[in-house]
Amino acid sequence: MRAVLTWRDKAEHCINDIAFKPDGTQLILAAGSRLLVYDTSDGTLLQPLKGHKDTVYCVAYAKDGKRFASGSADKSVIIWTSKLEGILKYTHNDAIQCVSYNPITHQLASCSSSDFGLWSPEQKSVSKHKSSSKIICCSWTNDGQYLALGMFNGIISIRNKNGEEKVKIERPGGSLSPIWSICWNPSREERNDILAVADWGQKVSFYQLSGKQIGKDRALNFDPCCISYFTKGEYILLGGSDKQVSLFTKDGVRLGTVGEQNSWVWTCQAKPDSNYVVVGCQDGTISFYQLIFSTVHGLYKDRYAYRDSMTDVIVQHLITEQKVRIKCKELVKKIAIYRNRLAIQLPEKILIYELYSEDLSDMHYRVKEKIIKKFECNLLVVCANHIILCQEKRLQCLSFSGVKEREWQMESLIRYIKVIGGPPGREGLLVGLKNGQILKIFVDNLFAIVLLKQATAVRCLDMSASRKKLAVVDENDTCLVYDIDTKELLFQEPNANSVAWNTQCEDMLCFSGGGYLNIKASTFPVHRQKLQGFVVGYNGSKIFCLHVFSISAVEVPQSAPMYQYLDRKLFKEAYQIACLGVTDTDWRELAMEALEGLDFETAKKAFIRVQDLRYLELISSIEDFLGSGDPKETKMLITKQADWARNIKEPKAAVEMYISAGEHVKAIEICGDHGWVDMLIDIARKLDKAEREPLLLCATYLKKLDSPGYAAETYLKMGDLKSLVQLHVETQRWDEAFALGEKHPEFKDDIYMPYAQWLAENDRFEEAQKAFHKAGRQREAVQVLEQLTNNAVAESRFNDAAYYYWMLSMQCLDIAQADPAQKDTMLGKFYHFQRLAELYHGYHAIHRHTEDPFSVHRPETLFNISRFLLHSLPKDTPSGISKVKILFTLAKQSKALGAYRLARHAYDKLRGLYIPARFQKSIELGTLTIRAKPFHDSEELVPLCYRCSTNNPLLNNLGNVCINCRQPFIFSASSYDVLHLVEFYLEEGITDEEAISLIDLEVLRPKRDDRQLEIANNSSQILRLVETKDSIGDEDPFTAKLSFEQGGSEFVPVVVSRLVLRSMSRRDVLIKRWPPPLRWQYFRSLLPDASITMCPSCFQMFHSEDYELLVLQHGCCPYCRRCKDDPGP
């Protein structure tokens, strides 16, 4: 027993008395002139109650939980409700010393220094009775018929319900031994009412209702202040001047200390129906403890010994259910049992018992030896002639006379120890350590044998009957089974807290955990059933299970493990399991299975069990027929037997016989016709891969019976990959088909063509297009895409149209790469589709703005998109794009942003177009109101060329290029403002790989004078950066000469040399890495601090913040819909 402090608090005054609410949820304390109400779960002070004017000495709760009473030095008694409200008050002539409620009638007894009163809710007045001495304590009997009063003069007066004295008990010592506390045993199992009395003669005594003393006084050596019983009367709490609470048995045997305090203990109570104890002290301390009673027990085969009432030992025969009680009259600390020996450790000695006779059913024990010595040990084991004491890392072997014969010191803490048998005086011990080591020790040998070492700590151990296998449960709740000779781990199972081998069957064990019992035979799967508790033994068909403090023998049918052996045709092993205990039906099944498997010996034994003479005669005649031992005749017999079974409508038996005779095709046909998938699978797995005909037949039936997974397994076993592909395609198991196609590319056409057609039939056109593309059917892929694009434009889904045009352009690029003959045509289409994708992507925002009541785009974005589209549209406007909507959006946003001149121009253009009726009024109104505005544009909106720093007009006749240097503008694909990027080209002779390596160098720039040189030829002008040796500055070679006055109307690209590439920083350069036959495009950022992100799939540019937000919103690139986790091209 150990006490764990749950909570503690401190009041300002001495705790005079304590009472629990009967349901245990609240605690009432008498402290000073107030009552304190606590929540017992966590020690929270719920409410202080004020009503008394002086110190409260006592408190008591009614059994029904409806009210409680308190008594005070102010001579008054107050009745309180369970809602903590005072409802009644009455007085005595002196201070109230104690109060107590009748458990049956709820009559209240209140005692003062000179009298006591009886009050009940039914009567109006309190009946009072004089007392010859000061009453200190009182207690009602269980039946509520009698009230015991403890007097200051050492007398106990027992009164009836009317207050009349019936029994008077005088304690020796008289007034020198005041009766300080009394309590009747609340147990209803006791024949007589027993009164426990604690007096200041430092004694505890027990009396019957008649006044007769039970046993002798028990000396305490301190002044007791309080005595109380647990709810069921099995234990007593006692506290006083020794500053601690002690736990006693109901007979007065001290068991231990509950909690030591710093001052006298005035009151202590056990929480109703629980193992919690509250203690109140003179210094105002309130302590709440939980008592934990550990299970003290021992088991050997079918005998189980356990502690009862802390001082008794009960030995139980688990088979016969016989029990014998051994009264020790002292605290039982440890128990060990082995064969005919029983060892019991008491506080100051160890008793060794033996059976009177060798009879297996004998339950009479007698004392054989006594070792009068105090021992400290964690575990106790008894053998025929020795006891073994385990203390942490040390084992000691003592003779029954108490002489230490041997000692073993372990490397780690001992967690488990068990006697595994042996001759008397030479028994073997199985020991498990915390470090995972498992040892075998013989009591007559000083040297321990290491059986094996595992990584985790040992919790439980058991060895099989033949001593060849070892089962271990570790701290991770895993059951591990080892071969002791080879140290090999045979298998392991999770969720185990204890394990036991079957003492009658070598290959069977059981383990418990998680509310289940698990039975495992050989290496078969575990058979599971519900069971509460711990498995401690397994004998035949009985499993011994410990639940809380009791053990029971559970009868477990062995049918499940028997059928597991039958499924493997292990008839002899199945027979051994059946002998442990199965039903007659199971015996008959075993007999039939053994007969069909031609194991006549087992079949005979099983038929004898069920007393079936017909089959016994049949087996005898078969054995006579097979006497010659000719294999052909045996096969012929089995085939005939199978035909007979088929004719009498026993198809399962026929299948087994056909298989035994090697007639697999017939067996498969029967299974297939009856839809027995499991049997077909079993046959297919047992057949050799060379037997193609039966395997093919198996696969065909499995496919028909809707078991494509098993059919695939069969085709794989045969190596028939083409049939496997057809199976996956027919059953639409596309993932498996694709995996097979990756490993065997020759089947790709057989997979992707049906897949694409299936997708198209199910209206999943985008995926169908990709599938056609993967299958190499570019024509079909392009057709699907073109149809998707046309549909998207027709349905005004311009965002989808942009995506499909982009996909079309990339497919054209793939064709140009794969087919040189179509290169020029496909590249032309690539550029055309790319332009259309950009136009539709931008127009999507314009369309939504004009059609939807709420716009998700900022005015600046709509303004930029409108300008971009006006500058980019070809003469033949693409289908679905409305110039009216573009100009209307431009006019509206220009006016809102202060670009009044551009707004006028847009409204003027609109006048020459056909305007839908719904826009007519808005445009007419806008045309009038714009005339009231200034004729200029806001300078903040004017686009800047980042190459030559020229401010460009909002309406540019040249399109999306600089009017000065003709440098094309690079637009953001989300906000459509001009990005601070300048495209540059590599000098002739520099490859892409060399350019990347030069940029990645990022060396310090040397001081050079880079002069601009223009070279003119017949076709174009090229701007070069020429290096000179004169050192005149440290400017960036790329930016030093970008700003200049353009001399002609032709665009002059920026061409860079190796030195310029070397001066660049990798983080300032963006590269569009187009696949062949296209060349890579290079862009230099002129504002490195403003981050730009390029999608690695479509190569569209975005401001980094915009791109991250769009990817978060859509989960992909807004242009090409590439998911953020997908790799780039």
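Strand β43 (residues 437-442) is joined to β44 by 4 bridges, and the two run antiparallel. In this predicted model, local features require pLDDT of at least 70 and side-chain atom pairs count only at pLDDT 80 or more, whereas totals for chains, interfaces and linings use all residues. Residues are numbered from 1 along each chain as its sequence is written, and side-chain values use heavy atoms, with hydrogens and water left out. Strands are DSSP runs of E with at least two residues, helices are runs of H or I with at least four residues, and both are numbered from the N terminus. Two strands are taken to pair if DSSP finds at least two bridges between them. Gln 437 has Lys 453 of β44 as its bridge partner.

The open sheet consists of 4 strands in the order β41-β42-β43-β44, with antiparallel pairing. β41 (414-419) and β44 (449-453) are the edge strands; each has a single partner strand, so one side of each is left without a neighbour in the sheet. From one strand to the next, the twist averages 20°, with axes fitted as lines to C-alpha atoms and angles between N-to-C directions running from 0 to 180 degrees.

The protein chain contains 25 helices and 63 strands. Of its 1129 residues, 52% are buried (under 20% relative accessible area; over 50% is exposed and values in between are partly exposed; 1.4 Å probe, protein chains only).

The largest nonpolar core has 63 residues, of which Trp 806, Tyr 840, Leu 869, Leu 981, Met 1101 and Cys 1117 touch the most other members. Such a core is a set of buried Ala, Val, Leu, Ile, Met, Phe, Trp, Tyr and Cys residues joined through side-chain atoms within 4.5 Å. Elements giving two or more residues to this core include α16 (778-794), α18 (823-851) and β63 (1101-1103); α17 gives the most, with 14 residues. Apart from this core lies another of 49 residues, among them Val 313, Leu 351, Leu 380 and Leu 439.

The search of the whole structure for disulfides (cysteine sulfur atoms within 2.5 Å) found 0. The sulfur of Cys 945 lies 3.5 Å from the closest cysteine sulfur, that of Cys 965, which is too far for a bond. Cys 945 is buried, at 2% relative accessibility. For Cys 479, the closest cysteine sulfur is in Cys 460, at 8.6 Å, again too far for a bond; Cys 479 is also buried, with a relative accessible area of 1%.
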